[in-house]
Amino acid sequence: WLARHALAPVASLSAKARSIGARNLSARLDERACPVELRDLARSFNGTLERLEVAFARQARFTADASHELRTPVAIVRAQADQALLGSGSPEEYRAALGACSRAAQRMGDLLARLLRLARADADEEPVRRESVDLGTVVRESAELLRPSAEAARVELRCEAAPVRVGGDARLLADVVSNLVENGVRYNRPGGRVDASLVREDGEAVLRVSDTGIGIPPEAQPHVFERFYRVDPARSREHGGSGLGLSIVRWIVEAHGGSIGLESRQNVGSTFTVRLPLDAGGEATLRPVPRDSRADRPTRVTGASRRAAGSPPP
Ligand code: ADP
């Protein structure tokens, strides 16, 4: 009787815990109703529920955003195919319809590749190689590949990259450079400029990508690294953007033990600064990505942008 009586609060606590599932993750154990000895346990359990609830909500939002993104290209393919099936068009019209379908399929393919990469990164399944990489070559080659699209947009592209070795995955690091330079071109204006530079600074490799583009409003700056966040969704979509580029960039940089910062002024331009540890001469230089870096948390916004936003320094 004594044992049953003493353990009754534990039984009631575990009954309540059993009743909490995916559908009512916002339910909590009543800590104050627990005997003092069990309060710590109830608090820990509530803390776990809190974290699970946030993760579930993030996952649900991600799924909803991904479906939303896929709806537009699917609608384009359907509309074009339905129109072509009516069978009254000329060869030129059929060609135009197939062209639109092909572009929509390309967009869906790009989006799916990015979604897959983020899902793998979340599950720790995206391989990150550890080799000594000359980041200077990676920067120059990636920038060169984007020269034709910069020229088409009438944006001058400059690149000055010193030979700096870092430890990591050349393929992923090339994605960082391409994403940043591509954005610099995409959110620029005809006659504008994008500067990519790589130097060794304070024992780190420092990559800066600056542009003379439209800039990012202060209130949007903490969000640009979040998945699917766009300041101007229409402009981003018009240029084939998915709203996932910078979140992938942040993941890659952090998987290499580095950090990324942003300074931007509206209608003046933006500078993204990536800092990576130098190659430690064959030693493993990669640190595991901290769990919370995968969350959609605000990223580091540097002094100038904070000042532009009128907020005091930290
Ligand atoms: P997107 O595919 O839409 O370009 P990103 O994740 O690369 O997605 O960037 C997120 C958003 O941040 C963009 O939609 C854009 O609004 C803003 N952004 C990114 N880079 C720049 C830049 N260099 N200049 C101005 N705005 C930018």
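1. Start with helix α6, residues 170-186. In this predicted model, α6 lies across β2, β4, β5, β6 and β7. The helix runs at about 25 degrees to β5. Strand β7 covers residues 269-277.

2. Now the sheet itself. Five strands form an open sheet, and their order is β2-β4-β5-β7-β6. The pairing is mixed. Strands β2 (156-161) and β6 (259-265) are the edges, each pairing on one side only. On average, neighbouring strands are turned by 10 degrees against each other, direction ignored.

3. Look at one strand pair. Strand β4 spans residues 193-201, and β5 spans residues 204-211. How many bridges join β4 to β5? There are eight, and the two strands run antiparallel. Within this pair, Ala196 stands opposite Val209 in β5.

4. Next, two other helices. Helix α2 (residues 36-85) packs with helix α3 (residues 91-122) at an angle of about 165 degrees. Their axes are 9 Å apart. Angles over 145 degrees count as roughly antiparallel, so α2 is roughly antiparallel to α3. The crossing of the two helices is left-handed.

5. Which residues make the contact between α2 and α3? From α2, they include Phe62, Ala66, Leu70, Ile76 and Val77. From α3, they include Tyr94, Ala97, Cys101, Met108 and Leu111. Glu69 of α2 and Arg107 of α3 are also among them.

6. Finally, the make-up of that contact. Its residues divide into 18 nonpolar, two polar and two charged.

Conventions
Residues numbered from 1 in each chain as written. Predicted model: local features only at pLDDT ≥ 70, side-chain atom pairs only at ≥ 80, totals over all residues. Heavy atoms only, no water. Pairing = 2+ DSSP bridges. Helix = DSSP H or I, 4+ residues; strand = E, 2+ residues; numbered from the N terminus. Axes fitted to C-alpha atoms, helices over the stretch in contact; angles between N-to-C directions. Contact = heavy atoms within 4.5 Å. Parallel < 35°, antiparallel > 145°, perpendicular 65-115°, else oblique. Left-handed = near helix turned anticlockwise from the far one by under 90°. Nonpolar A, V, L, I, M, F, W, Y, C, P; charged D, E, K, R; others polar.
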